[in-house]
Structure formats: C-alpha cells, structure tokens
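Dear colleague,

I am handing over the structure below, and my notes on it follow.

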Amino acid sequence: MAEAAALDPPLPGEDVKPFTPEKAKEIVMSLQQPAVFCNMVFNWPVLHWNAKYLSEVLDGRTIRFRMGMKKRDTAPQFETKCSYVEATLEEFLAWTSGQPTSVSRPFSCYDSSKYWAYADYKYIARIFEDKTEIFKDIMWSDFGFPGRNGKESTLWIGSAGANTPCHLDSYGCNLVLQIQGRKRWHLFPPSNTTFLYPTRIPYEESSIFSKVNVVNPDLRHYPQFRKAQAHVVTLNPGQVLFVPRHWWHYVESIDPITVSINSWIELDADHKARVEEAITRTLVCAIKSAENPSHVDAWLNPTEVEATSHEINLQYLNGAISAYLEYQTVTVSEDRDPSTHDTEKEASSCKRRKIQVNTKPEDYKSGTHEAGFTVVKAKKLEKIPFGVHLIPVLPQSQEASSGGAGAVESDSRDLLSENEGGHFGKSRCTGKQSVMSNDCETLADQTDSDSTANPSQMAISTNDLLDCLVNPQIISLVAGLLLERERV
C-alpha cells in the first residue's frame, strides 16, 4: 500500500507559506472535496506536542482513554461497545512500549497486542485550563480565522488501531493537523449517505453514524455499500486535512502513537442543521425513553450524560427555530448593506455543547449565545490552486476492491500526478459513564456481540423504526415544514 511521503522542513530561504491567510480561507470556503494543505504550519510551536512532551506538560494529570479491540469485526466498534480507563499519558506511553504493569497499572488487564487506547475528543481549553498560554501554540489564523487557536481546538491521542467509527458531523467543516504518527482517513461524499446506512443509534448530538464497518463491510446486510466511493488518504505529521461539510469519515491510527489536533469551522448552514438536530433529539429521546427499561439497549452514546426531557427538547427546538428565522432576517439586512458582509460573530470553542436544563428559547435568538457561531463568508475561487501545496484527496479506483470501498489508496505523489497545475452543540462530558469499565471480559463480550438483528427475529424494532423516522432526508423535510409554518 502506497503511503504519502513525510514532510521535510523548509530549506533556508523557502520558509514562506504557499498561501496567505486570506487565500487559505478562500480555498477552505470554496473546496467541495477533501484536500491536504502542505507547508502551512512549519513554524507552529504545536508541532512539538508529541505524547512525551504532553505527558510532561500535564504532569501526572489523568485523562480518559477509550479501549477497543484490534481484531477486525464486520460491526463498527461504537463507543457504547468500548470500555474506558482513567490514566496519565506517562502510563499510556509505558503501556504502548510494553513496560511492566507496575508502570502502566491502569492498563494492566489490556494486552497492547490485542487492544488499542484512544484519548479522543479532548478540548484543549479544558485539559490545559491552568496553562492558557499554551493555546498560542496553535495558529489557525494562518488559515484566515483570526483569533482562533488552541482554545477552539480538540486533541486526539491514540495507539495503533485506535479508530473513530464512520460518521458525519452535522455542523461545520473541519481542519485537522497531524502532529505525531500517521492516521488513515476513509472519506465519503454526502451523496453516498444512502450507501452508508445512516443511524442515530447510538445517539450523539451532531454525529450521524454509519452501520457499516467501512474497512471490513458486511455486504450481505449492507449491499448498497458496494456503490460507495471512498476517498482514502494517509495524513503525515505537519500536514493539515480539510474535511468539507457533511463528508463521512472513518479515521484510524496506523503508527504506535498518534497525536492530532482539529478545529471545526462554523458555517452559515449550521443554523438549519441545529433545527434538524433538535428535531432528531426530540424524537429519539421520546421514543427510546418509552421503551421497557428492562429491554433498553445501550442507545445513548457515552458522550451524552442523560436523555433530556421532552420539555427541554421542545425548548431547544423552539430556540433553534427562532435563531434560524432571526438569522434569515439578519442575512436579508446584510444583503442590503454590503459593508456588513465580512462581519464574523464570536466563534464557539466546541463543535457540540450539552443542552443546559435551564436554557430558555430566547437564549437562542442571539448570535452571541454561549454556544456561539461564526458567520463565515469568503468569495468563491473560480479555480482551486491544486499542486504541491494543496493535494486533493481523490476517490479510489473502483477496481481496487470488490467491496466498493477497498483498502488500496493513493498517496500524495499519485494525487499530484493527476492534478498538477490544475452552536448549540454539546461538549464531551467528563462525568463517570455507565459504560466505564476496566473489566477486559466485559469489553470482549461487548465487542464480540454483533450489532445486527437476529436473522430469525422478524419483528420491527424501535431502532428499525428510528432509522427510518430520523433518516437525514426525512429530518430535513420535517425541518423545512416546521420553518415554513413559523414564517407564515
């Protein structure tokens, strides 16, 4: 399998970035496909943030690791099927290097040859809340977003095999910087949504999961996946991947230790997306909460502390609709006054933020609500400047695999040969979760269980109903109808 070449540091006299912040932002706002930026971050202090350095900075502070099995199953390893360990980075490094269990005690019952560990989705603003000067090490302003740094970023630290199940993010687009090790990204365009069998179980606000394990698909249960068109790229240290809005992605660490940082860029389209997420939350919580408690599956992702009440969910829905309609009014006003077009509102530090019980509908009417959002506007480029500094992530050859989204990928050099010249979200919660366990037997039992229904079971389940009821296409239609009612 071809791999992209690691980046060399710029030579003396060549330390000029290929794109100005203004041009980089224009590219980001114009791109409709994933692409890799090269030579844009060589002077960022964050490039020194390897796991060993972070271990010294955190100085014994524990963080939460998600534990999964390295074996390839046809079912995705959702977070509801993992167990969790609280450990220091020093203990994590000892475990990955095979040191005695006395040094890596929290991981003592996990064989590193069979399990992976992932400290994923850690908000830098939280884990370094007493070291705020470190935020400046991350300079997203080079991509045209002034003031955005580590405070608006998220940290990911994993061992080989650590992965994020295939999903799409409801809000924003994504910039991802690779710092240590390499990660392989499998990306699918929004047009492939039907082929990826979207589901909201497990439920997590602003994440739509795929039922398919895209690296080992069960084509008997999910035959439409044959039609999916994977765009696969290996991200190397010093490279920045741009993930467009609503692109599906499965991400896996392929080196012994990986460290990466990302930031979600808020978009105008997020206003309607928040309405759609509010509808989804209301329906999923109402229907799943009505099930017989003795038969309830682990439907709530560990990132969600509890199912919010119907009353709170309706408040959220009304607030999101009010905010959307007010945004439409403001947009019309701005269109009449061109001088306001480049105004940006306060950016959110989180892609998602847990809905607070005391939230009032009127809180959502202002763009400066706690969750915040950025109205990102930039002129569209007539031609994207692909080349050695901006590498498109192209679709795989359909001949590469009989599965439709196989394991053969193109590296940066192959891509260049074909393209020369040419919110109201919620935060990850730190509270103790019901699925947290250090019991290896429990983890093995959870991971071995297939998420598909028993073939002999003919009855339609609650989850089957929800897969249809909260399908993204249906939710989009319902949101449109609700908004039309409010406009009248």
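How many disulfides does the count come to? If a disulfide is taken as a pair of cysteine sulfur atoms within 2.5 Å, the count comes to 0 disulfides.

Please keep in mind that this is a predicted model, in which local features need pLDDT of at least 70 and side-chain atom pairs count only at pLDDT 80 or more, while totals for chains, interfaces and linings use all residues. Residues are numbered from 1 along each chain as its sequence is written, and side-chain values use heavy atoms, with hydrogens and water left out.

On accessibility (buried is under 20% relative accessible area, exposed over 50%, and partly exposed in between, with a 1.4 Å probe and protein chains only), Cys 109 is partly exposed at 34%, whereas Cys 468 is exposed at 55%. Thr 331, which lies in helix H6 (residues 310-336), is buried, with a relative accessibility of 17%.

Helices here are DSSP runs (H or I) of at least four residues, numbered from the N terminus. The axes of H5 (residues 270-289) and H9 (residues 462-469) come within 11 Å and cross at roughly 165°, where axes are lines fitted to C-alpha atoms over the stretch in contact and angles run from 0 to 180 degrees between N-to-C directions. H5 and H9 are therefore roughly antiparallel, a term for angles over 145 degrees. Their contact (heavy atoms within 4.5 Å) involves, among others, Leu 283 and Ile 287 of H5 and Leu 466 of H9.

Best regards

Notes. Helices (H or I, at least four residues) and strands (E, at least two) are DSSP runs, numbered from the N terminus. Angles under 35 degrees count as roughly parallel, over 145 as roughly antiparallel, 65 to 115 as roughly perpendicular and the rest as oblique.
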